[in-house]
Amino acid sequence: MNTYLTFKALHLIAVISWMAGLLYLPRIFVYHSDASINGKSEDLISTFKIMERRLFVYIMNPAMILSWLFGLILINSIGLQSFGEFWLIAKMLLVLSLTFYHFFLFNCLKNFSFDRNEYSPKFFRIINEVPTILLIIIIFLVVFKPI
């Protein structure tokens, strides 16, 4: 079996899982912030807190770590000289942006857990588009590998 293709498949699986979390967590935040503003029951708000925490801890964090791990293994297997190529530098900068976004969501999660949300439901609807845009750019960079 081809080791490179195995790691590539594992990388794609991890990235898809991570992206699912990056897209779903802000959507939960929309409903959570809306429930907090409109004085919904504590049971509902408690349910959102549990959903957010489990998604982040059990899916998003492992998926992010595995995405990075398998991605770095892939870079190593194609050669570290690849870091001189535009497409890889751009991809790495965008993946770093996704990682910062991941930790921004973690900060929001902490604030929600202490009932200190600073943002509106509209804010979370807007930032929910960030990972989609970055994903599209990353895919085009990887597929076309512009010079």
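I take contact to mean heavy atoms within 4.5 Å. With that in hand, I looked up N61, and, leaving aside neighbours within four places in sequence, I found N61 in contact with F56 and H102. The model I am reading is predicted, so I note that local features need pLDDT of at least 70 and side-chain atom pairs count only at pLDDT 80 or more, while totals for chains, interfaces and linings use all residues. Residues are numbered from 1 along each chain as its sequence is written, and side-chain values use heavy atoms, with hydrogens and water left out.

I placed N61 in helix α2, where helices (H or I, at least four residues) and strands (E, at least two) are DSSP runs numbered from the N terminus. N61 counts as partly exposed because its relative accessibility is 22%; on this scale buried means under 20% relative accessible area, exposed over 50%, and partly exposed in between, with a 1.4 Å probe and protein chains only. I then followed N61 to H102, which lies 41 residues apart from N61 along the chain, with 8.7 Å between the two C-alpha atoms. Their side chains are joined by a polar contact of 2.8 Å, that is, a pair of N or O atoms within 3.5 Å, of which, within protein, one must be able to donate a hydrogen and the other to accept it, residues adjacent in sequence counting only if both atoms are side-chain atoms.

**The core**

Which residues touch the most other members of the largest nonpolar core? I found L22, F29 and L105, out of 34 residues; such a core is a set of buried Ala, Val, Leu, Ile, Met, Phe, Trp, Tyr and Cys residues joined through side-chain atoms within 4.5 Å. The elements giving two or more residues to this core are α1, α2, α3, α4 (121-127) and α5, and the largest share, 12 residues, comes from α3. I also listed what L22 touches, not counting residues up to four places away in sequence, and H102 and L105 are among them, as are M60 and P131.

**The pockets**

I noted a volume of about 650 Å³ for the largest pocket. A pocket here is an open set of points on a 1 Å grid over the protein atoms alone, where a 1.4 Å probe fits, with protein on both sides within 12 Å along at least five of seven lines, and lining residues have an atom within 4 Å of a point. Grid points are joined across faces, edges and corners, and the volume is the space filled by probe spheres set on the points. Of its 27 lining residues, H11, L12, K91, I138 and V142 are the closest to the centre of the largest pocket. The largest share of this lining, eight residues, comes from α1, and by class I read 21 nonpolar, three polar and three charged residues.

The second largest pocket holds about 150 Å³ of space. Its lining divides into four nonpolar, one polar and five charged residues, and α2 gives the largest share, six residues.

**Two backbone angles**

Most residues other than glycine have a negative phi. I therefore wrote down D115, exposed with a relative accessible area of 56%, which has a positive phi of about 55° although it is not a glycine and is found in the loop between α3 and α4. K145, in the segment after α5, likewise has a positive phi, near 45°.

Terms used:
Ala, Val, Leu, Ile, Met, Phe, Trp, Tyr, Cys and Pro count as nonpolar, Asp, Glu, Lys and Arg as charged, and the others, Gly among them, as polar.
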